[in-house]
Amino acid sequence: MSRRALNVRQFGEEILGPVVAEFCLRLWSVTSLFERPDDAALLFCARGGLRMQLAYERFLQATALPSAVRISPLMVSRLVAVRPTLQRSLEEGLPTLLPAATAALTTEFRRGTIADVFRAVTGVSPEQGDQRWNADFTPAGLLELLRQPHGAAGATALAEQAQLFTRHLREVLGDRRTAVLVDTGLFGTTQDLLAEGLPDLNISCALMVRSLRPKIAGVDPRTFGLSVEAFDYSPIRARTAVLRYWHYIEWLFEPDLPSVRTFVTEDGRVRSNLEVTGWPDRVEPAPESAFAGVLHYLDGLGPGPAEQISADADRAWRRYRRIVVWPHREDGDVLAVGTRSHDFGRAATWDQPTVHSVVAALRGNPMWREGEVARSGSPFRAPLLLALEAAHAARLARRMVRRGRRTGPGEPLQQ
């Protein structure tokens, strides 16, 4: 099926613009229902949240909609968010980590050692000589070594960084007790960690896209996806195509700034390593970028935009799915993101290959398998993409059958 090719900015304006506008409208609708808006704040989580805040503020300005709650950036990352819950475990003398911290660190460091985790969360290299550092990571093992004399330097650094971040969070909240984190997605790990580490605050999270996961025992998730909530991609739900190439959405919103890792005090306030000189200017997009196209769409909205946004977003999601699931070669080039970081205190990255082949596209775990097939220039592009789509459809069918057996007849299935 032939279609008009879009350049980078056009893709941002015509497809991503309505998608982001829909998210902004839904976010505003949520805040308008707060019983005590004076006790709540929308905290846009660095790094992607910084551009989400810019988009939201441009949306409010264009539509003349008032904000009933405080809007502020929050300098945070999953690495930063895990520290208060680690510190809580230490201070309360617990034998192991709390559930959210256990789940996050076990997932991120499933093949790591205690030394790897210690180095990531404290920023300090462990003293050599004790072979326990080289053991596979366990939550109890990490806490035990943090309490030992040779882990003291790391424990001190952990306590200092946890305290500085907590001070930063309370500064942006002021006297409010309700924090609604706003971020791109996927699982709501940051909310889980902060709610666990700072139980005196009411912390929830509004994501653009939430990928559902099995419930973690002892964790009460207060995260919701305003644009998408799904376990995985479903061929019968156009919106879930965003999960076929999640790296693109993260790349769209993340400015060229470092991930938040550490804090210092400067001139009486807490400052993160992200807040380099002129950092707000770097949140603004380049003129011909996809995010510039998003802002152009938002700026063109007027008062009472709900009907227009609903219609535009419905078309945009269908077009988004066609391009991500059935890309042509030029689509692969337009949506390329280059290198993406694993983060969480590590230097590992995902990379889009510079040499494109069908074999490379079908092997391993590329960021966007369909895009690599398209960029390979293979004459078998269409049947290969059809085979990938059929595989996803078969996986969805198996998953729905398994859930049907678990839930029993008459109970709802969630895709």
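Helices here are DSSP runs of H or I of at least four residues and strands are runs of E of at least two, numbered from the N terminus. The structure is a predicted model, so local features were taken at pLDDT of at least 70 and side-chain atom pairs at pLDDT 80 or more, while totals for chains, interfaces and linings use all residues. Residue numbers start from 1 along each chain as its sequence is written, and side-chain values use heavy atoms, with hydrogens and water left out.

Start with the sheet. Five strands make an open, parallel sheet in the order β2-β1-β3-β4-β5, two strands being paired if DSSP finds at least two bridges between them. The edges belong to β2 (70-74) and β5 (223-230); each has a single partner strand, so one side of each has no neighbour in the sheet. On average, neighbouring strands are turned by 20 degrees against each other, direction ignored. Strand β1 (residues 40-45) pairs with β2 in the parallel sense over five bridges, and F44 has P73 in β2 as its bridge partner.

Then come the helices that lie across the strands. Contact means heavy atoms within 4.5 Å; axes are lines fitted to C-alpha atoms, for helices over the stretch in contact, with angles from 0 to 180 degrees between N-to-C directions. Helix α1 (residues 8-31) lies across β1, β3 (178-183), β4 (202-211) and β5, and runs at about 145 degrees to β5. Helix α7 (residues 152-173) lies across β1, β2 and β3, at about 160 degrees to β2.

The buried residues are I114, A115, V117, F118, A120, V121 and T122. Their cover includes α3 (78-91), α4 (99-108), α6 (139-146) and α7.

Next, the core. A nonpolar core is a set of buried Ala, Val, Leu, Ile, Met, Phe, Trp, Tyr and Cys residues joined through side-chain atoms within 4.5 Å. The largest one has 116 residues, of which F11, L105, Y248, L298 and Y320 touch the most other members. Helix α1 gives the most to this core, with ten residues.

As for aromatics, rings of Phe, Tyr and Trp (its six-membered ring) pair if their centres lie within 6.5 Å; planes under 30 degrees apart count as stacked, over 60 as edge-to-face and the rest as tilted. That rule gives eleven aromatic pairs. One of them is the tilted pair of F44 and Y56, at 5.9 Å centre to centre and 35 degrees between the planes. F44 sits in strand β1 and Y56 in helix α2 (residues 48-63), so the pair ties together parts twelve residues apart in sequence. F44 is buried at 0% relative accessible area, and Y56 is buried at 1% relative accessibility. The rings of Y245 and Y248 are also tilted, because their centres are 5.9 Å apart and their planes at 40 degrees. One aromatic cluster consists of F11, Y245, Y248, W251, W317, Y320 and W368.

Finally, the cysteines. With a disulfide taken as two cysteine sulfur atoms within 2.5 Å, the count is zero. The sulfur of C205 has its closest cysteine sulfur in C45, 6.1 Å away and too far for a bond. C205 is buried, with a relative accessible area of 3%.

Methods
Buried means under 20% relative accessible area, exposed over 50%, partly exposed in between (1.4 Å probe, protein chains only).
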